[in-house]
Amino acid sequence: MQGMKKRSTLGRIISMLTPYGVWILLTLSGYIGVVYFTLLLPVYLGDAVDAIASGGGVDMPALRHALGAMITATLASALCRWICGRINNHIVYNVTKSLRQQAFDSILHIMTSCVGIPFLPECNRRSRTAH
């Protein structure tokens, strides 16, 4: 019984997220960008070490290129992470707003349907607390 309830809840959550499918794909691709640019940093760090430790002295053009690439990769990773955060906030805000509106509509419907009908079990406060 409890497994069915969990699937039902998960199904409802997924159904609430379906209008944001494009946004979810964008955030997933953004996080792929974060991983890609983050993994580039050790590669460029190795290039910088190779430019410093080369046999004939420091290869300044290669070092500048490696440091510039590291800075670019770091900024690109940070930008992707920031954009993903904004997209996730957009999704969470709208889903929460929709869920809150559905809850208030449900409560309002229950309250207005019970006005003046005290003998119905769903309208009687004592019968709700007894269960």
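Reply: Start with W23, which sits in helix α2, spanning residues 21-52. Helices here are DSSP runs of H or I with at least four residues, strands are runs of E with at least two, and both are numbered from the N terminus. This is a predicted model: local features need pLDDT of at least 70, side-chain atom pairs count only at pLDDT 80 or more, and totals for chains, interfaces and linings use all residues. Numbering starts from 1 along each chain as its sequence is written, and side-chain values use heavy atoms, leaving out hydrogens and water.

W23 is partly exposed, at 36% relative accessible area. Buried means under 20%, exposed means over 50%, and partly exposed lies in between (1.4 Å probe, protein chains only). Together with V22 and L26, W23 makes a nonpolar surface patch of about 290 Å². Such a patch takes residues with over 30% relative accessible area and no salt bridge; nonpolar side chains (Val, Leu, Ile, Met, Phe, Trp, Tyr) are joined within 5 Å, like charges within 9 Å. A salt bridge puts a side-chain nitrogen of Lys or Arg within 4 Å of a carboxyl oxygen of Asp or Glu. Areas come from the Shrake-Rupley method with a 1.4 Å probe; for residues, only the protein chains shown count as cover.

Now the setting. The protein chain has 4 helices and 0 strands. Its elements run α-α-α-α from the N terminus. Of its 131 residues, 18% count as buried. The accessible surface of the chain is about 10300 Å², and carbon and sulfur atoms hold 69% of that.
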